[in-house]
Amino acid sequence: MKDTLKHSGMRNKLAEVLIEKGIEDKNVLNAIRKIPRHLFMDSSFEGHAYQDKAFPIAANQTISQPYTVAFQTELLQVSANKKILEIGTGSGYQTAVLLALHAKVYSIERQLELFKKTSIFFKKMGYRPKKMIFGDGYKGMPEEAPFDGIIVTAGAPEVPKTLLAQLKIGGRLVIPVGVNDQIMTLFVRKSEKEFQKTEYGSFRFVPLLENKN
């Protein structure tokens, strides 16, 4: 599959849809305009790649809806050289959005099939996260902590304390919390012991699974 002017035009339209839905961060919108989402998907879905919908990928996972990706990224407040931990590499689309914002991205994927597939794809595309590992997202990446931001791309029944512990003071954790429907939740670390919590409406994610390794 190639990336053509037609695809570029479809991305511009997608960005307009996201603006209508309330996404305001210009850098996030530019990342959506830039990244060839159709290349992150099975070629049979290529025609649908720039609709604001989630689609199936390998290992019974999904590539998130563009609005969800943009919304979570906007909440993270990413800027150049911020150190971001991503829980759930998946197709790599969210990773690519973070890289387009010049973040230093550390990513964990727990599905071996996806981990291998996305690792190869990143090399082919020239996407370079700082570190990508196959592992249990609940554990985070303590050896690389603390992080400016942590983004979780699967629904967690509760907030893993290990992830909160790996945030810098002032750092932000964006996580969908709940079992069937999830509430998008932002935690900002105010001090060693204190976190400010804000909730933002319901979303649907595949579940965040524990104890893989």
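This is a predicted model: local features need pLDDT of at least 70, side-chain atom pairs count only at pLDDT 80 or more; totals for chains, interfaces and linings use all residues.
Arg189 has its place in strand β8, which spans residues 182-189.

**Helix α4 and Val97**

- Eight of the eight residues of α4 are buried, so this helix is largely enclosed by the rest of the structure; the buried residues are Tyr93, Gln94, Thr95, Ala96, Val97, Leu98, Leu99 and Ala100.
- Val97, which belongs to helix α4, has a relative accessible area of 0% and is therefore buried.
- Leaving out residues up to four places away in sequence, Val97 touches Ala31, Ile32, Ile35, Val69 and Thr73.
- Between the C-alpha atoms of Val97 and Gly155 there is a separation of 20 Å, the two residues being 58 residues apart along the chain.

**Helix α3 against α4**

- Helix α3 (residues 66-76) packs with helix α4 (residues 93-100) at an angle of about 40°, and their axes are 11 Å apart; that angle makes α3 oblique to α4.
- The crossing in which α3 passes α4 is right-handed, and the contact is made on the α3 side by Val69, Gln72, Thr73 and Leu76, and on the α4 side by Tyr93, Gln94, Val97 and Leu98.
- Sorted by class, the residues in the contact of α3 with α4 are five nonpolar and three polar, with no charged residues.
- Of the 11 residues of α3, 10 are buried, so α3 is largely enclosed by the rest of the structure; these buried residues are Pro66, Tyr67, Thr68, Val69, Ala70, Phe71, Gln72, Thr73, Leu75 and Leu76.
- Gln77, which comes just after α3, takes a positive phi of about 55°.

**Helix α2 against α4**

- The axis of helix α2 (residues 26-34) comes within 9 Å of the axis of α4, and the two cross at roughly 125°; α2 and α4 are therefore oblique to each other.
- In passing α4, α2 makes a right-handed crossing, where Ala31, Ile32 and Lys34 of α2 meet Tyr93, Val97 and Ala100 of α4.
- The class make-up of the contact of α2 with α4 is five nonpolar residues, no polar residues and one charged residue.

**Residues of α4 that take part in both contacts**

- Tyr93 and Val97 are among the α4 residues in the contact with α3, and Tyr93 and Val97 are also among those that α2 meets.
- For Val97, the list of touching residues includes Ala31 and Ile32, which lie in α2, as well as Val69 and Thr73, which belong to α3.

Conventions: Residues are numbered from 1 along each chain as its sequence is written. Side-chain values use heavy atoms; hydrogens and water are left out. Axes are lines fitted to C-alpha atoms, for helices over the stretch in contact, and angles run from 0 to 180 degrees between N-to-C directions. Helices (H or I, at least four residues) and strands (E, at least two) are DSSP runs, numbered from the N terminus. Angles under 35 degrees count as roughly parallel, over 145 as roughly antiparallel, 65 to 115 as roughly perpendicular and the rest as oblique. A crossing is left-handed if the near helix is turned anticlockwise from the far one by less than a right angle, and right-handed if clockwise. Contact means heavy atoms within 4.5 Å. Ala, Val, Leu, Ile, Met, Phe, Trp, Tyr, Cys and Pro count as nonpolar, Asp, Glu, Lys and Arg as charged, and the others, Gly among them, as polar. Buried means under 20% relative accessible area, exposed over 50%, partly exposed in between (1.4 Å probe, protein chains only).
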